[in-house]
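Please read these points with the model open beside you.

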Amino acid sequence: MSTVDPAARIAELRRRIGEHNRAYYEDDAPIIPDADYDELVLELRRLEDEHPDLAAALPHPVLDRIGGAPSETFAPVEHRVPMMSLDNAFAVEELDAWALRLERRLEGRPVTHYACELKFDGLAISIRYEHGRLTQAATRGNGRVGEDVTANVSTITNVPKRLTGSAPAVIEARGEVFMPIATFEALNDDLRTRGERTYVNPRNTAAGSLRQKDPAITATRGLAFWAYQIGDIHGGPSFDTHHVTLDFLASLGLPVNPEMRVVTSLDDVKAYIAETHARRHDLPYEIDGAVVKVDELAQQRELGVTAKAPRWAIAYKFPPEEKTTLLRDIQVSIGGKGKATPFAVLEPVFVGGSTVGVATLHNEDQVRIKDVRPGDTVVVRKAGDVIPEVLRPVLEMRPKGLEPWVFPQTCPCPVGHPLTRDGDDAAHYCLNPTCPLQLDGWIEHFASRGAMDIEGFGERTVQLFTQHGLIGDIADIYTLDLDRVRELEGFGEISVNNLAGAIEASKRRPLANLLFGLNIRHMGGAVAELLAAAFGHLDRLAEATEDDLAAVDGVGPVIARTVAEWFADDGNRAIIEKLRAVGLNFEGPMTPDHDVEPVLAGRSVVVSGTLEGYSRDEAAAAIKARGGKSPGSVSKKTFALVVGADPGASKVTKAEEAGVPVLDEAAFGHLLATGELPE
């Protein structure tokens with residue numbers, strides 16, 4: 001930046017940030033991800049700090065502004081107590097610097113308690129109650145004047161119309177309106193089925209839903225609310241700490257998030273942030289950080305506020321999950337069922353904790369709806385372990401003359417078989433059974449954790465084995481020439497022995513796992529379990545007619561047809577016979593469902609570690625056969641945690657903290673037999 005005129009750059013950054021503020025706060029349609037916006041703000045802040053005279057002389061300052069201008073669609077509401085925003089920290093060093101500033105302003109006196117809360121990704125709202133009755137709700141707006149959205153907020157089911165308990169004459173509850181992730185995904189799924197453009201993220205969808213002219217539309221969007229602060233209040237009790245104010249709001253019937261924690265040191269604050277970041281995707285709503293506040297209200301008053309934000313609070317923002325980068329190309333991959341999936345080849349970008357170079361584009365319709373084109377600057381999202389996805393182009397940065405991408409007509413494999421699309425199916429398929437790209441995908445799927453769970457059979461290993469002619473179909477896994485494997489680079493005696501053990505162990509997997517591993521089109525894990533339980537043996541399933549299959553509750557005519565067609569194919573029948581010859585389990589549940597008492601109905605039992613008498617899948621099947629659930633993580637709703645050898649330490653710790661009983665294998669047997677915990 002040394003060669004750039006600082007005055008010109010400051011003016012340009014102010015203009016761009018102003019545009020982005022309007023797009024985000026006023027239009028609920030951001031142009032770029034938050035992380036890219038934050039980078040612009042940080043650059044502008046650095047330049048203005050380095051050139052204070054220029055910053056003061058140039059017009060249109062933006063850094064001290066809060067939110068955006070209120071919309072003329074709604075009546076204005078003047079906030080009696082300004083609704084401020086928060087300063088941000090992006091690293092622990094910035095958190096340390098904030099703590100030092102607090103100490104200096106408090107003249108060396110320590111902050112004895114911090115209140116740690118989640119930073120919700122929603123829309124800030126003020127809800128006013130008079131004599132316990134909801135009278136007004138307003139957006140933050142520019143911090144001084146917001147928009148009257150009372151009718152819309154009144155449709156949110158967890159916002160009480162009348163408070164309980166001893167309500168003050170006036171109390172203003174401030175908090176966040178948000179859209180739960182499940183609601184957002186269901187809304188987008190419905191849009192996809194209709195071939196319409198999907199929403200970008202829950203935050204903007206929630207904001208747009210709340211600011212509808214017709215409250216009836218807002219009522220259909222499934223919005224929710226968390227209260228996190230008291231604004232204006234008259235006639236209420238006095239408070240000494242922030243966390244007590246939250247307790248008071250909850251006593252009035254307002255929803256207060258249970259994840260708030262009061263801690264006594266900055267190290268505890270950092271631990272809270274780390275824990276929250278690690279499990280952010282386990283929450284049913286989106287967060288983008290944590291908020292840290294000085295808990296004692298007297299210290300808050302002493303610390304005061306700036307023009308934009310309170311000094312006694314800071315928002316610690318998590319690493320970005322959305323970034324912009326260049327879309328170099330769009331290519332097509334072929335999966336194990338012949339499904340042709342377009343994917344984006346990207347200029348590598350660090351997002352969601354890792355560097356991303358490719359991202360899914362789902363299908364032809366989604367590419368068309370999103371209108372992304374090679375050469376575009378695109379927004380990429382990677383949330384946790386989720387496969388990276390291209391969300392949308394940044395149209396303002398599109399070069400002139402870019403042509404729309406056209407889905408290819410032939411498979412990218414050397415055979416070049418035509419790609420077909422049936423009826424309303426959104427996906428294209430290569431129907432060539434000898435397609436080498438399908439073979440690798442099928443073998444990898446067959447060995448995956450949800451199917452036969454053969455550890456060591458990942459993508460690269462499968463490609464290596466097929467390229468050397470060691471495997472020609474899934475059944476060849478069980479006759480693999482281990483002596484030839486030992487000759488391959490990277491395969492020593494230990495790794496070969498481990499691979500052999502994993503292959504042998506997979507022969508005992510439940511029938512449902514085998515069915516899922518066969519990779520029959522439209523058959524997922526849940527349908528595989530239904531069919532395994534209904535027919536009890538692979539041979540009976542293989543001889544079933546379409547009508548027999550469709551008669552199973554939960555199996556529709558499309559699935560029934562594809563399953564019947566798969567087993568009618570001579571090539572597939574030959575593979576089944578090869579699997580029989582090597583001794584795979586074709587039997588269904590050991591005991592028919594109707595002979596097992598549902599002693600665990602509605603209960604969640606988590607299994608961690610290695611059990612002597614059960615594989616992971618067998619333990620889960622035993623729990624499900626008794627009406628229970630077997631999730632992969634511990635929560636407050638978990639009935640029991642069963643531990644074997646080498647259990648996950650985090651699961652045990654979480655169970656102990658939540659008061660969840662921890663059982664050994666013998667106690668697990670008692671639980672399966674009786675549904676009761678041992679005394």
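1. Helices here are DSSP runs of H or I with at least four residues, numbered from the N terminus. The model is a predicted one. On that numbering, Lys-370 sits in helix α12, which spans residues 364–370.

2. Stay with Lys-370 for a moment. Is Lys-370 buried or exposed? Lys-370 is buried, because its relative accessible area is 5% and the cut-off for buried is under 20%. Setting aside neighbours within four places in sequence, Lys-370 is in contact with Arg-197, His-362, Glu-389, Val-390, Leu-391 and Pro-393. Glu-196 is 174 residues from Lys-370 in sequence.

3. Next, the cavities. How many cavities of 30 Å³ or more are there? The count is 2. β4 gives the largest share, with 3 residues. By class, the lining holds 5 charged, 3 polar and 3 nonpolar residues.

4. The second largest cavity holds about 60 Å³ of space. Around it are Glu-117, Leu-118, Phe-120, Trp-226, Ala-227, Tyr-228, Leu-246, Val-256, Asn-257 and Met-260. Strands β3 (114–120) and β8 (224–234) each supply at least two of the lining residues. What is the class make-up of this lining? It has 8 nonpolar residues, 1 polar and 1 charged.

5. Lys-119 is also in strand β3. Lys-119 counts as buried because its relative accessible area is 18%, and buried means under 20%. Beyond four places in sequence, Lys-119 touches Ile-287, Asp-288, Gly-289, Ala-290, Val-291, Ala-315 and Lys-317.

6. Look at Ala-173 in strand β7, residues 170–178. Ala-173 is buried, at 0% relative accessibility. Which residues does Ala-173 contact, leaving aside neighbours within four places in sequence? They are Ile-125, Ser-126, Ile-127, Phe-225, Gln-229, Leu-249 and Leu-254. Ile-230 is 57 residues from Ala-173 in sequence. The two are 5.0 Å apart in space, C-alpha to C-alpha.

7. Now a helix pair. Two packed helices are described by the angle between their axes and the distance between the axes. For α4 and α10 (residues 266–278), the angle is about 145° and the axes are 11 Å apart. The crossing of α4 and α10 is right-handed. From α4, the residues in the contact are Val-92, Leu-95, Asp-96 and Ala-99. From α10, they are Leu-266, Val-269, Lys-270 and Ile-273. The contact has 6 nonpolar and 2 charged residues, with no polar ones.

8. Two backbone angles deserve a check. Most residues other than glycine have a negative phi. Glu-107 is not a glycine, yet its phi is positive, at about 55°. Glu-107 lies in the loop between α4 (92–105) and β3. Glu-107 is exposed, with a relative accessible area of 69%.

9. The other such angle is at Asp-453. Asp-453 has a positive phi of about 50°, and again this is not a glycine. Where is Asp-453 found? Asp-453 is in the loop between α13 (436–446) and α14 (459–467). At 17% relative accessibility, Asp-453 is buried, whereas Glu-107 is exposed.

10. Last, a loop residue. Phe-586 lies between α22 (570–581) and β19 (604–608). Phe-586 is buried, with a relative accessible area of 5%. Not counting residues up to four places away in sequence, Phe-586 touches Leu-511, Leu-514, Gly-536, His-537, Leu-538, Asp-539, Ile-576, Leu-579 and Arg-580. Ile-576, Leu-579 and Arg-580 fall within the span of α22. Arg-509 is 77 residues away from Phe-586 along the chain. The C-alpha atoms of this pair are separated by 9.2 Å.

Key: Residues are numbered from 1 along each chain as its sequence is written. This is a predicted model: local features need pLDDT of at least 70, side-chain atom pairs count only at pLDDT 80 or more; totals for chains, interfaces and linings use all residues. Side-chain values use heavy atoms; hydrogens and water are left out. On a 1 Å grid over the protein atoms alone, a cavity is a set of points where a 1.4 Å probe fits but cannot get out, and a pocket is an open set with protein on both sides within 12 Å along at least five of seven lines; lining residues have an atom within 4 Å of a point. Grid points are joined across faces, edges and corners, and a volume is the space filled by probe spheres set on the points. Ala, Val, Leu, Ile, Met, Phe, Trp, Tyr, Cys and Pro count as nonpolar, Asp, Glu, Lys and Arg as charged, and the others, Gly among them, as polar. Buried means under 20% relative accessible area, exposed over 50%, partly exposed in between (1.4 Å probe, protein chains only). Axes are lines fitted to C-alpha atoms, for helices over the stretch in contact, and angles run from 0 to 180 degrees between N-to-C directions. A crossing is left-handed if the near helix is turned anticlockwise from the far one by less than a right angle, and right-handed if clockwise. Contact means heavy atoms within 4.5 Å.
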